[in-house]
Amino acid sequence: MKSDILLETKQLKKYYGTVHAVDGVSLSIQKGQSLGLIGESGSGKSTFGKLVTKLEKPSGGEIRFLGRSVENIPERKFRPLRKEIQIVFQSSGDVFDPCYTVGDSIREGLHNYTDLSPAEIEDYLDETFERVGLNPALKNRAAKQLSGGQCQRANIARALILHPQLIVCDEPVSSLDYSIRKQMLNLLNKIQEQEGITYLFITHDLSNVPYVCKAVAIMYHGRIVEYLDHTDNLGENVMHPYSRLLFESVPVPDPRKRTINRELPERVQGENLQKGCPFRGECPIQEEICAETMPLLSEEATGHKVACHCLHKANM
Amino acid sequence: MDSMRQKREKKAESFGVQRFSWHVIFRKKRTIAGAVIILCFVFTALFAPVLAPHDPLLVDIVNKLQGPSPAYPFGTDQLGRCILSRLIWGSRYSLFYSSLVLVITVAVGVPVGMLSGYMGGKVDSLLMRIIDIFMALPSFIVALAIAGTLGASGRNLVLAMSLVYWADYARLSRTLTLQIKEQNYMMALKASGCSGVSIVFRHVLKNIAPSVVALATMDIGTIILSIAGFSFIGLGVQAPAPEWGIMLSDSKQFIQTCPRLMFFPGLTIVLIVLAFNLLGEGIQDENETE
């Protein structure tokens, strides 16, 4: 159903000078189908998150949010839509203005979008704090007086309090230690189920994804190399050689089960990236065509798109 | 037990959100000394009519150039006016004019600087060129030009100094705004739907305020000195007003015969400038250690 599409990008691009951070990404997120966007550092996944929330200006392409084309509308006109698309940032401590308490910062969103009375705002704030598992008394503290986990919960509370339809989670758990990560992921999951909020879940940690997401896109050098509309048995289902490498790179405690034995060769760099497959430098199965033509996403199975010239080799 | 609790409460206070808390600033004795001296001067200026033993303008030629006595604690000047009373009334000129210059420069400079830094691009380039022009103007030449065209008076001196000094605040605010704009919370504010106006005036302003206050406190000493200096050479407040610079200027012919006439106004100016510098440095130190 077309009306269920929350967010859709077409050939979205962001160039910083000669660096192509996001280079023609076309994705769509349906209501209730949280999408995991996986990629290594510098793959452009965070930039993509900032582009769709209009915190960065795209260099080209289209963004449709709730059926409206938003890539070129001025901030003044986009502001009413911001209520529906919120973002949870990676670094939690410095996303709160140090001059105000955490509560003040979160209240500000409510002031901007609702005309509740101060008492109602206070009630609602307390309720939201409780929903994310925070003691409401913490609202009177500065961000630097909270622990990392508390900060990230407050961060989620700030996004949640406006009841958005889509929350972009930009590495929401990577700054936390493992025991808290699990709690946060459970919390995100609970919110998703109870409130019907959809996520764009940006991460480099593959283990998080099946937990929260129903679809997965894998990004390499500003491009989507693989898209799957389910997350069952991800490690076995992915086909692109880069995705395979990603899954093999997950550290395994048992040394006998470790699978990467080969040296990783030099990556393709500089201007060569613009021509041919950007992954060809490291690719174990490349052919001549890979250096010449950029592979495009093509549907290999239902709901499974891969951008690779040499898939016939990969599946051997 | 009780003192433990007090200590803990005190610690909790110092941990608060306000990065600009008074009791942190006044940790050093020098800073307190500066603030106390300033408060004394403010008090003197406010209650000048009560505190001054004589009319500062009352000429009493018979009593001219008298030494200190119970009736005239600092003696009298060449026209027999009470020096102490003139100094007390003079604090009004120095404090009033310097605060006026400061209020105007901050009120103009800070918003212009924040706008320039926040908007960036062409607006920034344009505003920066304007700021550069004003920064290139020497205050002395501007004061001379304004005194020449509009006449020499305290009001025109304030105009001349404001015209030159606002650019400093604009430049500082712009630099600080540029730094704050790079902070992550700016993006978060935008994401939670804050308008540019609210971001600039609620968040940027509050974050740059400590630095602006530190600069202003440091500057006020310079401004007081300049006002006295310009009045000394006749470009500012005009005689017979009991202004410190004028008192110095009037007494320069008696420097050999009656150095007391120069000593007291000079000492007063040194004292107040020193006090403002002590306070300003104290605030700046605390900002840096943060």
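Two strands pair if DSSP finds at least two bridges between them; helices (H or I, at least four residues) and strands (E, at least two) are DSSP runs numbered from the N terminus. This is a predicted model, in which local features need pLDDT of at least 70, side-chain atom pairs count only at pLDDT 80 or more, and totals for chains, interfaces and linings use all residues. Residues are numbered from 1 along each chain as its sequence is written, chains are lettered from A in the order in which they are written, and side-chain values use heavy atoms, without hydrogens and water.

Chain A holds an open sheet of four strands in the order β2-β1-β4-β5, with antiparallel pairing. β2 (19-30) and β5 (68-69) of chain A stand at the edges with a single partner strand each, so one side of each has no neighbour in the sheet. Two bridges join β4(A), residues 60-65, to β5(A), and A:Phe65 stands opposite A:Arg68 in β5(A).

Elsewhere in chain A, helix α3 (residues 102-113) packs against helix α4 (residues 118-131) at an angle of about 115°, with the axes 11 Å apart. Axes are lines fitted to C-alpha atoms, for helices over the stretch in contact, and angles run from 0 to 180 degrees between N-to-C directions. Among the residues that meet are A:Ile106 and A:Leu110 in α3(A) and A:Leu125 and A:Phe129 in α4(A), where contact means heavy atoms within 4.5 Å.

Helix α1(A), residues 45-52, lies across β1 (5-16), β2 and β4 of chain A, and runs at about 120° to β1(A).
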